[in-house]
Amino acid sequence: MFAKSIRKDHYGYYFIAPFFILFAIFGLYPILYSLYISFTNFDGITTPDFVGIGNYVAVLQDPLFYKTLFNTLFIWGVSVVPQLTVSLVLAFILNDKLLKGRDIFRAVYFFPNIVTAASLGLLVSLIFDWQSGGLNHFLVQVGLIDNPINWKNDPWFMRLIVSSILFFQYFGYSMVIYLAGLQGIDPALQEAAQMDGAKKKHIFIHIIVPMLRPIILFQMITSIIGGIQIFDQPFTLTNGTGGPDRAAMTSIMYLYNVAFQSTRFGYGAAIAFCLFIIIILLSVVSFMMTKRKSRA
Amino acid sequence: MQTVKPIEQRNAAIQQYASVKRLTMGKVIIYLFLISLAVICIIPFYLMLIYSTHNNATIASTFTFLPGPFLVDNYTNMASKINIWRGFANSFFIAGTSTVLSLYIGSLTGYGFAKFKFKGRTGLFLFLLATMMVPGQLALIGMYRLFSTLGLLDSYAAIILPAAANAFNVFFIKQFMESSIPDEIIESARVDSAGEFRTFNQIVLPILGPAISALGIFTFIGSWNNFLTPLVLFFSLDKYPLPVLVALVQGYYGMDYGLLYLGVAISILPIIIVFAVFSKQIIGSVALGAVKG
């Protein structure tokens, strides 16, 4: 029987072949082609001219690239810190079997995560509209403000509002992942600590957080990858303009504008690879940070 | 000593019982916190539904949280300007075919990795995992060029074919297969001289049913919500999937608020329905995928 199963092992190649063929054509090839284009001045019509690292030099000297990078990192940073902490606390609370309505809370918090991000951006845009938005009418009606506020005219507010949308969409998702991690922690550990008179707060800080460290790292790295790619929400929120003074224009929005609106494909591809390098650097940094903490 | 201990234990038990039943200050705060967060999660969608039943005049002048009489007016207004059901059908077609394709190919691949010990298996699998770390935007420009060369820009194939090779699905199915499909079943099918692909299609695939359906819902929603790729690869209004169509409407009819709210509502409603029915499976597959990873 052993010999028989060895003889069949080459069938594995047939089973995995369709995936790798599709991936090679529609995943790998486009990435490598993007890399090639990033060294050319391809405009989509004429044949690409090789310009060496010219595009990369230009990207590194482009103030707008830095601005959109700042916007992206600011929007991501402001949303990710509360997202990862609030969701951790929520997971701890909802892991308590005695709490009523656990499943309902879990579902309600998770729900915004699967809502179409683009539609959500548009919806928030409508609610925050200066003249017709529900928020201004509400605030005027309850007497908190006298005149409608032009929310969408304030650069900092626009960045914060994108952060809030991201928080809104992702805290439930992180919570579910933390909850899954909590299921893997032996409940006897918590019970023993409780018997020894440990308060919930201390159990949380000294048992739960250290034991969830791998999950926290996983969340940080996936949120970096996702964070740099923010596009749908700010795009529809600002109707593609990036908002006042391009305050909510993220790097991918800039990439989209450069490549597909101005048809500077070479420059756009260089932006894409610069962003990829930044993602790798940030992932390594966060990996080392969690490593160091666990040694201390 | 021996008599004291049971009493102590009983006291502890009583105390614990009391703390469970009593509504302490801490508990009230926790519930208030949980409930207010839940309200925040629901309000935007509630307002969306409410506002889609009002006309411009109401929306522009007052705050209201009660439904109005203009749902039908908004709908006829919208239907006269854009073909939202065409967008709906596009989304359904794209999400449906890419889900089925990526699940079938994902199962084939997961099976290959889980049940065959061929040379280079570990290396190829690590490569597959590594591709999950690469952001999709890297491929976007090359993809645009590739599909323009193939003459497939503005065609459904441009979205469906790349989506068919979904590394996460492979990973998820492989994990599930390793734990829930015993080698003996495959062995016995071989003894009965069933072909390898027949074994896969008739024996392995049916066992995968529950895992695949959970993953399928998730893949479907992911595809439904896809925005940037169709925005780049499609040009004609009648090809756009629903979310892109609705976002573009903002540019054309930005002042028609009832219409916009209704458009957003129609693009989100299928997701609400799917979630209402399958929330357990969706949340479960997210949790499983993350922890195993």
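Trainee: Which residues do ring pairs link into a cluster?

Mentor: In this predicted model, the structure holds 57 aromatic pairs over all chains. Ring pairs join residues of chain A and chain B into a cluster, whose members are Tyr13(A), Phe19(A), Phe20(A), Phe23(A), Phe113(B), Phe118(B), Phe125(B), Phe127(B) and Phe171(B).

Trainee: Is the pair formed by the rings of Phe42(A) and Phe265(A) stacked, edge-to-face or tilted?

Mentor: The centres of the rings of Phe42(A) and Phe265(A) are 5.6 Å apart, and their planes stand at 35°. Planes under 30 degrees apart would count as stacked and planes over 60 as edge-to-face, so the pair of Phe42(A) and Phe265(A) is tilted.

Trainee: How many residues apart are Phe42(A) and Phe265(A), and where do they lie?

Mentor: Phe42(A) is found in the loop between helix H2 (11-37) and helix H3 (54-60) of chain A, while Phe265(A) belongs to helix H14 (residues 265-295) of chain A. Both Phe42(A) and Phe265(A) are buried. Their pair links distant parts of the chain, and the two residues are 223 residues apart.

Trainee: Which helices of chain B hold Tyr111(B) and Phe200(B)?

Mentor: The rings of Tyr111(B) and Phe200(B) have centres 5.3 Å apart and planes at 45°, so this pair is tilted. Tyr111(B) is buried, as is Phe200(B). The pair links parts of chain B that are 89 residues apart, with Tyr111(B) in helix H5 (residues 84-115) and Phe200(B) in helix H11 (residues 196-224).

Trainee: Is Thr72(A) buried or exposed?

Mentor: Thr72(A) is part of helix H4 (residues 63-94) of chain A. Its relative accessible area is 1%, and a residue under 20% counts as buried. Thr72(A) is therefore buried.

Trainee: Which residue has its backbone nitrogen 2.9 Å from a polar atom of the side chain of Thr72(A)?

Mentor: When neighbours within four places in sequence are left aside, Thr72(A) is in contact with Gly227(A), Ile228(A), Ile230(A), Thr250(A) and Ser251(A). The backbone nitrogen that lies 2.9 Å from a polar atom of the Thr72(A) side chain belongs to Ser251(A).

Trainee: Which helix gives the most to the nonpolar patch?

Mentor: The patch on the surface is formed by Leu49(B), Leu269(B), Ile273(B), Val277(B) and Phe278(B), which together have about 420 Å² of accessible area. With 4 residues, the element that gives the most to this patch is helix H14 (residues 257-292) of chain B.

Trainee: Is Val277(B) buried or exposed?

Mentor: Val277(B) has its place in helix H14 of chain B. Its relative accessible area is 55%, and over 50% counts as exposed. Val277(B) is therefore exposed.

Methods. Residues numbered from 1 in each chain as written. Chains lettered and ligands numbered in written order. Predicted model: local features only at pLDDT ≥ 70, side-chain atom pairs only at ≥ 80, totals over all residues. Heavy atoms only, no water. Buried < 20%, exposed > 50% of the residue type's maximum accessible area, 1.4 Å probe, protein only. Polar contact = N/O pair within 3.5 Å; in protein donor to acceptor, adjacent residues only side chain to side chain. Contact = heavy atoms within 4.5 Å. Patch = residues over 30% accessible without salt bridge, like charges linked within 9 Å, V, L, I, M, F, W, Y side chains within 5 Å. Areas by Shrake-Rupley, 256 points an atom, 1.4 Å probe, with all protein chains shown as cover. Salt bridge = Lys/Arg side-chain N within 4 Å of Asp/Glu carboxyl O. Phe/Tyr/Trp six-rings, centres within 6.5 Å; stacked < 30°, edge-to-face > 60°.
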